[in-house]
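Q: Please look over the model below. I have some questions about the terms used for it.

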Amino acid sequence: MFRERSGRVVLRSCARYPRAPGSRRASWVSGLALGGALLVAAAAGPPAPDREVWIVLSENGGVYRQVADGIAATFAGSDAARTTLRTLTRDEFPGAMAGSPRAGLIVSVGVDAARVSATGQGVPRLFTLLPKASFDALTAGTAGRSAPVSAVYLDQPPARLLRLIRLGLPEARRVAMLFGPASAGQLLDFEAAARDQSLTLQAVTITEERQLFGALTRALEGADVLLAVPDPQVFNRHTSQNILLETYRRRIPVIGYSEAYVEAGALLSLYSTPEQIGRQAGEWLAAVGRPPAQRLPAASHPKYFTVRSNRRVARSLALELPADSLLARRLGAAPENMP
Amino acid sequence: MFGTTAADSAGRRPADRGPGRSTTRPGRRVRGVDILFGVLIVWLCHPPAVAAADGRQFSERDYLADLPVVLSATRLSQPLSDTPVAMTVIDRAMIEASGARTIPDLLRLVPGMVVGMQTGYNTVASYHGMADRAGRRMQVLIDGRSVYTPSLGGVPWVDLPLALEDVERIEVIRGPNAATYGANAFLGTISITTRHSAVQPDEVKARVGTHGIRDALVRHAGKHGSLDYRLTAGHDEDRGFDLRHDTARSNYATARGDYRIDTYNTLELQFGYKDGDRQRESEDPPWDVRHGREIISRYGQARWRYALDSGNELSVQLYHNYHESDERYTIGPGLPPPALPAWQIPIVYDVVSERLDLELQHTLSPTTSLRLAWGAGAREDRVFAPGFFQGEARVENDILRAFGSAEWRIVEPLLLLNAGAMVEKNDITGTDTSPRLAANYRLWPGHTVRYGISRATRNPVLVEELGYAGACIDPPACSMFIPTLVASGGLKPETILSREIGYVGHLAFGWVLDMKFYRDHIDNLIAVTTTPAGVEDYVNANDALVTGFELALDARLTPATRAVLGYAYADIDSEDKLSARYSVSMPRNSGSLLLMHDLSRHVQASLAYYYRDAMRFIDQKALGAARRLDLRLAGRLPVGRSEGEAALVIQNALDSYDEYYPASRLDNQFDTRVFVTLGWRFY
C-alpha cells in the first residue's frame, strides 16, 4: 500500500509539471530517478514482518507438539508471510518475554502454558487445547484488560454432542449425565441443548468421588445412553472402569470424549485431535494476518472434530451404527450454534 | 448327590474301609494353594501406596489421558447373532424376577433344559435330558473355573461357594462347544459370570420361609487404591421335601479382588469356602438308614489379564478346587445306630476331589474382520475315595489341552465364519479332537441365520473307568471281599455330532427371537451293566439320535413389562439298552414363561410359569406332566445413598408335582413354598 501510494505521488507530480522547453535533459534525469526509486523500493523486498507469533507449549513433545505442528502446517499453506512462528516451551517463556523481539501474539497450548503466559503484558493471546472451564477460570476477574484473549477449547459444544446421540442412537430418549465440581458449570448448557434435540437429560451432580457409584446408579435408572464429560472426580482414569462395567451391565452405551475412551469400551466418542485444534488455531492466525487487520474470533468450541466408534461394543450391544465418516459428515453439516 | 450314586451303582452293599487299609487322606488340612490365594487378597487390601484422587486442577490431561481397556474382547459377551452355537443368557433382571434361590432353579428358564430335584438339595440340570442324578454331560464354569466333579461326575450345586446375589449373568450354551469351553462341554455348557468387585454395593439380606428356609447374606465391597474387592459371607438352609430326610445347612464365605496393576494389566483373585451338612437316606431297604453327610468345599483362583487394546488380550489363569464329602454310618438288618449287634457293618463314604488347572489364552484381532483366540491348558484331577476305588489311596487323571478358534467376517457385515477346535489328551481315553464350524449369515439388518456343526467328546469320569467297590464280609480283617462294582475300564469317550440351523432376529419394539432346529448323533453312551453275579460295570452301550426345535423370545411388551418365553420340542431315538431309558429322558414338549412388570418405579411384580410333558430320569420310573407357577412381588425403598428391598416369593402356587421320583417311588412332591426376603444395600 505504501508502495502504491508513493508511486502515485511520483506520477501525479510528473503530470503536474509538464516538460518546459529546453528541459529534455532534466526530464531524463527525473525519469532515471523515478526508475531508480522504484527499483530501490522493489529491491527492498517486502516490508519487515510486523509481528512474531509465539507458540508456548506446556511440555515439549507429545500432544502439545502436535498442536504446534498443526498450526505450522496450516500457516505454511496460507499467505500470511509477514508473520513468523516461534515455538517455545513454558520454561523458556519468561526468558523470551524479557528479551526481544517482542511477541505480536501468543498462542498457548495446554493449561500450564496458558497459566504461564497469562501475564502477557498487553499482548493478544490465543489459548488452545484446554477445557472451557479452565479458560474461564484463567480469565476470570481480568475483564477489561488491555489485550484481547481468545481460545479454541477442547470440549465439544453440547449441541453437537446431543446431536450425535440423535444421529447414532435414534431411539434414545433419556440421556444420563454425571457432573462433578469442575464440570458442573456446563449443566445448564447441556439441558438447553438436550431440549433442542427433544431429548431428556437425567443429570446427577456429585462433589466427591466417593459418591460416584450411588450417583451413577441413580443417573442410569431408565436411561438409554450415558454422555460422559471429563471431570477429575467423575470421569477419569480410575472411575472409567466402574462406569464402563456398570453401564455395560445395564446394556447402556457410553458416549466418550476421547479416543482412549472409545478404545476402553465407550460406544462412540466425539473429540478433536491436537492436529485439528492446531489447524483451527492456524486458520485463525492466518485470518488475523490478512488485511484489513482483524481481531481474533471470540473463544469457541473446536470447529474440526472426529467421530469414532467401537464396533465390538456396538455388536455386543446389538446396535447398528452408521459409519463413522457418515456420522461426522452429518454432524458437520448441521448448523452449529457456536457460542 | 455325592454318595447316593455309589450306594446304587456300587450295589446293595457299600464298601467297608476298615482299619488296616491305607488311609492317608489328602486334604483334611487346608491346602496351601488356597491359603495363598486368600493371603494374596488380604495383602492386596493393604497396598503400600495408596493412589489418592488427583488434587491437581482440571486440564486438558483429563481429556487426553490414557485409559485402560475395560470392555476387552473377553469381557464383551458375544451378541446372539454371532454365536456359533445357540445360547441363552439369563441376566440379573431375570435372576431377581424368577424368585429362584439356587442356580439350577434358574436353569428351568432355558429352553431344552431338564431340571430335577433328586433330593431337597441335590438338583440335576442337563440340556436335552439323558441324565441320572449326576448330570455328567454338562460343562459348568464359574468365571472360567470348571466345577464338575472328576470322581463321580455331575455338579454338586448346593456345595458351591457362590451367592446368587453375586452372579452377574448365566450364559447357557445349548450345544457342544469344546473349543471355547473345554473338556466336558458335551451336551451344553453353563457359564456363570460373577459381578466385578467395583460394581457391587454393601448389602445385608435375610430370607425366611416355609420348609425351614433360612438364608442370610452379608457383603462388603470396597476400594483400596487400585484394588476393588468384595467379601461375601452367608448361610443357607432348608428342610427339603416334607416327607424326606433331606435337610441341608451350609455356611460360606467368598472373596474377590480385582486389582488394576497398570493401564494394561489386571489381576483377578477369588477365594471361596463352604461347609455344611446334609441329611441323607438311601433308597433301598434294608439300607435306608438315615444319616448325614458333611461337606467342605473350597477354591482359589487367580487370573492375570494383559489387555493391549480392545481386540488384543493375553490371560493366564490358575485355579484349585477342593471338595470333600464325609458320610459314616452303620447298616444292619433294620437296627439303626448306635445299637451295634455283632454283624452290623460300618459304612464310610468319604470322597475327596481336587482339581488343579493352569490355562493360557490369547485373543487377538490381526485385522478388523478376523478375531482369533488360542490357548493351552494343563489340568490334574485327583480323587481319594476308597469306597469307590478299593485299595487305591488316590486315583488321578491328567489332562492336557490346546484350543483355538477363529471368527472371520468374510463379507462384512453379511457373513461370519466361526471355526474352532480343541485337542485334548487325558489318561483315560488318550487323545481326542473336538472341532466345530458355523456360518452366520445376515439376511437383512437384525436378522441372522446360522448353520453350525460341532463335535465333542465326554470322557469317562474316574468311577466309570476305574471304579472298584464292594463290601468286606469280615471287617476289619477283610479276608473276604465281595465286589459290587468292578469297572473293566477301556472305555471309549462318548461322542456327539450336533448339527443345527438357527435364526436370531431383532424384531420391532426391541423384541429378540431365537429359534433353532437341531439333529444330534450321540454315540457310545456309557451305562451300567450288571453281570449275572450281580457285579456292576460301566460300558459303552448306547447310541441316541436327538432331534428337535427350540424357541426363545425376549419381548418388551410395554416400557414397564418384559416377557421371556422359552419352548422346546424334542424327540430322542435310542435302543435304550441296559435299561438306560434315554428315549424318554426328555419331555416331548417343555417350556417356560417369565413375565416381569414394574408396577411403579419401586415396585415390581413377576411370575414364572413352567411346563413339561411326561419324562423320566434314566435310572427312575416315569414322571407325569408337570406345571409350576412362581410368583414374586418386590418393593424398593431408596433412603439417601442406600436402598431397602423386600420381596415375597411363592414357589409353585399350583398343585404339587413330582420332582425326579414319581410319587409311587419316593415322596419328592414339590408343593408350595413361600418365603420373604428383606435386604438393605449401601451404595
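A: Start with pairing: two strands pair if DSSP finds at least two bridges between them. The model is predicted. In β6(B), Val89(B) has Glu171(B) as its bridge partner.

Q: What makes β1(B) and strand β6 of chain B a pair?
A: Four bridges join β1(B) to β6 (residues 167-173) of chain B. At least two are needed, so the strands pair. They run antiparallel.

Q: Why are β1 and β5 of chain B called edge strands?
A: The open sheet has five strands, in the order β1-β6-β7-β4-β5 (chain B), and its pairing is mixed. β1 (87-90) and β5 (145-146) of chain B each pair on one side only.

Q: Why does Phe549(B) count as partly exposed?
A: Phe549(B) has 16 C-beta neighbours inside 10 Å. Buried takes 20 or more, and exposed takes 12 or fewer. The value lies in between, so Phe549(B) is partly exposed.

Q: Where is Phe549(B), and what does Phe549(B) touch?
A: Phe549(B) is in strand β25 (residues 536-558) of chain B. Leaving out residues up to four places away in sequence, Phe549(B) touches Phe517(B) and Tyr569(B). Met515(B) is 34 residues from Phe549(B) in sequence and 7.4 Å away in space, C-alpha to C-alpha.

Q: What makes helix α7 of chain A mostly covered?
A: Nine of the eleven residues in α7 (residues 158-168) of chain A are buried. Among them are Pro158(A), Leu161(A) and Gly168(A).

Q: How many residues does each chain bring to the contact?
A: Chain B brings 32 residues and chain A brings 42 residues. On the side of chain B, helix α3 (residues 60-64) gives the most, with four residues. By class, that side has 17 nonpolar, six polar and nine charged residues.

Terms used. Residues numbered from 1 in each chain as written. Chains lettered and ligands numbered in written order. Predicted model: local features only at pLDDT ≥ 70, side-chain atom pairs only at ≥ 80, totals over all residues. Contact = placed C-beta atoms within 7 Å. Nonpolar A, V, L, I, M, F, W, Y, C, P; charged D, E, K, R; others polar.
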